[in-house]
Structures are given as C-alpha cells and as structure tokens.
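Please keep the structure in view while reading.

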Amino acid sequence: YIETKRPEKLKPWIVLKKVATRYDQGYGFINIQNECMNLLEHIINESIIDPAENPEAIEQIRQEIQENIDRTVENIRELKECFPKHYAYAVTTKCARIILANERNQIIRMCHEGIISEQDKSVLLDGITSRRDQNHL
C-alpha cells in the first residue's frame, strides 16, 4: 500500500504513479518467485540435489517462496481495495505493455526466421515504439 503521513495531500497523479509502480513491482516479484519455485523443482527432478538428504531445507525453501507470493498477492489485493481506479489503470497499462512486448518479440522472431525483412522489422518496431510513447506506457 501507499505509505504517507497525509495521503489527502498527495496529488492524484502521484498516487496513480505510486499504485502503478507498486503493482508492477508486485507482478514482477510474483513472476520471479514462481521462477524460483520452478528452478527448485528442476533441481530436484534432475537429481542435482537429493531431497532425501535434507527434506526440511527443501520444504522450508518452498514455504518461504509461497509465503513471499502470498504476501505480495495480499499487498496487490490491498491496492485494489484502497485505490480501485488507480489499480484498474495499473492493470490496464501493464496488460498493454505485455501485449506490445509480445508483438515486438514476434516481429523480431519473424525477421530472424526470414518471414519479414530487416526493413519491415524496423518499420514495425518503430510503430510499436510510437504506440508505447503515445500512450505513455
């Protein structure tokens, strides 16, 4: 949540940016924690470590990762409850950035595979950058 001694004194755009930043940080942190959990499972499945040697440590790591995820989800839920309009803005802009990033990656892939030319790639990527800048993403 947004910590301040006098929240009523904050300008609306500052609150908007703070909520959007907190949402982005939470979203990213959850993704990182999920990657940590996947890495732990990979390490176990590939027999890089033997969970039978120290099952308590493995379980503690799993619990810590899950607690981090749960705490972050709770913080995001609090943002949604306390700042519903700002939260909606944060989610919408995050989705737009994800879509533009995916489009950018697809264009780069298509060029790499020879489906489009370098010139086409450049024009298309400039269009994505223009849309991103136009929408202040």
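A salt bridge is taken here as a side-chain nitrogen of Lys or Arg within 4 Å of a carboxyl oxygen of Asp or Glu. The model is a predicted one, in which local features need pLDDT of at least 70 and side-chain atom pairs count only at pLDDT 80 or more, while totals for chains, interfaces and linings use all residues. Residues are numbered from 1 along each chain as its sequence is written, and side-chain values use heavy atoms, with hydrogens and water left out.

By the salt-bridge rule, the count comes to 9. One of the pairs is Arg97 with Asp24, whose side chains meet at 2.6 Å, N to O. Arg97 belongs to helix H3 and Asp24 to helix H1, so this pair ties together parts that are 73 residues apart in sequence. Helices here are DSSP runs of H or I with at least four residues, numbered from the N terminus. Arg97 is partly exposed at 24% relative accessible area, and Asp24 is partly exposed at 25%; buried means under 20%, exposed over 50%, and partly exposed in between, with a 1.4 Å probe and protein chains only.

The two helices joined by that pair also pack against each other. Two packed helices are described by the angle between their axes and the distance between the axes. The axes of H1 (residues 12-45) and H3 (residues 84-112) come within 9 Å and cross at roughly 55°. That angle makes H1 oblique to H3. Axes are lines fitted to C-alpha atoms, for helices over the stretch in contact, and angles run from 0 to 180 degrees between N-to-C directions. Angles under 35 degrees count as roughly parallel, over 145 as roughly antiparallel, 65 to 115 as roughly perpendicular, and the rest as oblique.

Which residues of H1 meet H3? On the H1 side they include Val15, Leu16, Val19, Asp24 and Tyr27, and on the H3 side Tyr87, Val91, Lys94, Arg97 and Ile98 are among them. The residues of this contact divide into 12 nonpolar, 1 polar and 4 charged. In this scheme Ala, Val, Leu, Ile, Met, Phe, Trp, Tyr, Cys and Pro count as nonpolar, Asp, Glu, Lys and Arg as charged, and the others, Gly among them, as polar.

H1 also packs with helix H2 (residues 55-82), at an angle of about 160° and with the axes 10 Å apart. This makes H1 roughly antiparallel to H2. The contact of H1 with H2 has 16 nonpolar, 6 polar and 3 charged residues.

Tyr27 is found in H1 and is partly exposed, with a relative accessible area of 30%. Leaving aside neighbours within four places in sequence, Tyr27 is in contact (heavy atoms within 4.5 Å) with Ile76, Lys94 and Ile98.

Arg77 pairs with Glu81, the closest N and O atoms being 2.0 Å apart. Both residues lie in H2, 4 residues apart, about one turn of the helix. Arg77 is partly exposed at 35%, whereas Glu81 is exposed at 55%. Glu113 forms a salt bridge with Arg109, with closest N and O atoms 2.7 Å apart; Glu113 is partly exposed at 47% and Arg109 is partly exposed at 34%. Glu41, Glu59 and Arg62 are linked in a network of salt bridges.

Technical notes. Helices (H or I, at least four residues) and strands (E, at least two) are DSSP runs, numbered from the N terminus.
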